[in-house]
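Please look over the sequence and the model shown here. The paragraphs that follow go through some of its side chains and their surroundings.

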Amino acid sequence: MNRNTPGREAWLQGPPAACFSPAMKVRPWRLILLGAPGVGKGTQADLLTQRLGACHLSTGDIFRAASGVDCDPSPAMSAALDFMRRGELVPDSTVWEMVRERQPCLRCSGGFILDGFPRTLMQAEALKQLMEDERLTLDAVVSYELPLREIVERLSGRRTCEQCKAVYHLSRQPSAVDGVCDRCGARLYQRDDDRTEAITVRMKTYEHSTEPLIVFYRSLGLLLPIAATGSPDEIFTRTLVALQQVLVTAGEG
């Protein structure tokens, strides 16, 4: 683990786990990241975590780590695991409970980058109230934006190895031999959810659920739209410039 950034044991496992927390900073950042599948939000979260020293609080990481956690799951995690074992989506109310029981993570002295939450207006309002109760200030909501045609191109071009699960892209990261994995030689295939029709459906669902969040955070003066075109470094540079402007507006820059 990079000792310049916080650990995430408390976030991934829930109470009573504890994690390394850095010394209090003069300027800890507290951010929310929004972005449709395919815009590179996860990459930007990693880059921001390293640059800002904040803790990356991803709800997706909680779910991925759940099956490997070597401890008694928290009540909300137990409920979430039950839904997952039945092949059902975890309800928004359960996701909120998972975040709420990890409330101390929001007070991390290094700040936080919240990724994958909130995903409904109700959750956004509840998070706002929770942060007000904790006397915490949200600095910005970074919204990564990309035209639908580019999202479709990025996702529909992905190919996954049947055996080792390595991921390639037809134009951005092709395999040496078409349709064959460089690592293990197994066949590459296109996942069902990477097909154009499925992507279009996912995007409509995302836009329907996210639009109220966009309106909500714009009304609070917190929304930072960032064009997610170009390379990850170019997108990251735009993000840092926008965050610097937040400091200037707040009289800190």
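A residue is called buried if its relative accessible area is under 20%, exposed if over 50%, and partly exposed in between, with a 1.4 Å probe and protein chains only. This is a predicted model, in which local features need pLDDT of at least 70 and side-chain atom pairs count only at pLDDT 80 or more, while totals for chains, interfaces and linings use all residues. Residues are numbered from 1 along each chain as its sequence is written, and side-chain values use heavy atoms, with hydrogens and water left out.

The aromatic rings come first. Rings of Phe, Tyr and Trp (for Trp, the six-membered ring) pair if their centres lie within 6.5 Å; planes under 30 degrees apart count as stacked, over 60 as edge-to-face and the rest as tilted. By this rule there are 2 aromatic pairs. Trp96 belongs to helix H5 (residues 92-100), and Phe117 to the loop between strand S3 (111-115) and helix H6 (121-133), so the pair ties together parts that are 21 residues apart in sequence. Helices (H or I, at least four residues) and strands (E, at least two) are DSSP runs, numbered from the N terminus. Phe117 is buried at a relative accessible area of 1%, and Trp96 is buried at 15%.

Phe216 and Tyr217 also pair: their ring centres are 5.1 Å apart and their planes stand at 65°, so the pair is edge-to-face. Phe216 is buried with a relative accessible area of 14%; for Tyr217, also buried, the value is 2%.

Next is helix H7 (residues 148-156), where Ile151, Val152, Arg154, Leu155 and Ser156 are buried. The cover over the buried residues of H7 includes strand S5 (158-161), strand S6 (167-169) and helix H8 (196-219).

What does the side chain of Gln190 reach at 3.2 Å? Gln190 sits in the loop between strand S7 (188-189) and H8, and is buried with a relative accessible area of 18%. Its side chain reaches the backbone oxygen of Asp194 at that distance. A polar atom of the Gln190 side chain also lies 2.9 Å from the backbone oxygen of Ser156. A polar contact is a pair of N or O atoms within 3.5 Å; within protein, one must be able to donate a hydrogen and the other to accept it, and residues adjacent in sequence count only if both atoms are side-chain atoms. Apart from neighbours within four places in sequence, Gln190 is in contact (heavy atoms within 4.5 Å) with Ser156, Arg158, Arg159 and Arg195.
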